[in-house]
Amino acid sequence: MSRDRLAAQQAELLRSLLAGAPTPPGFDSSRVQAQAHALLSKRRRVTWHLRPDLADDLGERFGPLFAEYASGHPKTTDVRARQDADRFGEWLVAQGHLTPPRRRWWRR
């Protein structure tokens with residue numbers, strides 16, 4: 001197998017794990033889905049730890065809203081966890097789930 005073909009297969013697997021793409025041929029669909037769910041749960045936990053303010057403001061809506069956000073915004077290698085958490089907060093405001101944060105009147 002060529003390196004290019006292997007790279008293409010790996011990319012296809014990553015799309016199914018991180019972006020909801022169909023399971024590539026040769027892989028057990030139920031296992032891929034279980035791993036995709038585990039990765040989403042980990043991403044949600046990391047976001048919850050980095051932005052507890054969002055979790056507090058959303059309460060029980062945090063999990064379902066994060067799943068909705070994540071389905072449309074798969075994490076890529078160039079996006080760090082804090083940036084992803086901040087983007088989730090921006091998405092919540094843009095979608096009308098939260099009000100924009102008030103700006104502080106003083107500077108640090």
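Me: Which side chain meets Arg51 in a salt bridge, Asp53 or another one?
Reply: In this predicted model, the side chains of Arg51 and Asp53 form a salt bridge, at 2.8 Å from N to O.

Me: Is Arg51 buried or exposed?
Reply: Arg51 has a relative accessibility of 18%, so it counts as buried. Buried means under 20%.

Me: And Asp53, how does that one count?
Reply: Asp53 counts as partly exposed because its relative accessibility is 34%.

Me: What about Arg51 and Asp86, how far apart are their closest N and O atoms?
Reply: They are 3.1 Å apart, and Arg51 and Asp86 form a salt bridge. Arg51 sits in the loop between H2 and H3 while Asp86 is in helix H5, so this pair ties together parts 35 residues apart in sequence. Asp86, at 30% relative accessibility, counts as partly exposed.

Me: Which residues are linked in the network, then?
Reply: Salt bridges link Arg51, Asp53 and Asp86 in a network.

Me: How many salt bridges are there in the whole structure?
Reply: The search finds four. One of them joins Arg43 to Asp84, with the closest N and O atoms 2.8 Å apart.

Me: Which parts does that pair tie together?
Reply: Arg43 belongs to helix H2 and Asp84 to helix H5, so the pair ties together parts that are 41 residues apart in sequence. Both Arg43 and Asp84 are buried.

Me: Changing topic: how much space is in the largest pocket?
Reply: About 610 Å³. It is lined by 25 residues, and the closest to its centre are Leu17, Leu18, Leu39, Arg43 and Lys75.

Me: Which elements give two or more residues to that lining?
Reply: Helices H1 (3-18), H2 (29-50), H4 (62-72) and H5 (81-94) do. H2 gives the most, with nine residues.

Me: What classes of residue line the largest pocket?
Reply: The lining of the largest pocket has 12 nonpolar, eight polar and five charged residues.

Me: And what volume does the second largest pocket have?
Reply: About 210 Å³. Its lining includes Arg51, Asp53 and Asp86, the residues of the salt-bridge network. Other lining residues include Leu54, Val93 and Pro101.

Me: Which elements give two or more residues there?
Reply: Helix H3 (52-58) and H5. The largest share, four residues, comes from H5.

Me: How does the lining of the second largest pocket split by class?
Reply: Into four nonpolar, two polar and five charged residues.

Technical notes:
Residues numbered from 1 in each chain as written. Predicted model: local features only at pLDDT ≥ 70, side-chain atom pairs only at ≥ 80, totals over all residues. Heavy atoms only, no water. 1 Å grid on protein atoms, 1.4 Å probe; cavity = no way out; pocket = protein on both sides within 12 Å on 5 of 7 lines; lining within 4 Å. Points joined across faces, edges and corners; volume = space filled by probe spheres on them. Nonpolar A, V, L, I, M, F, W, Y, C, P; charged D, E, K, R; others polar. Buried < 20%, exposed > 50% of the residue type's maximum accessible area, 1.4 Å probe, protein only.
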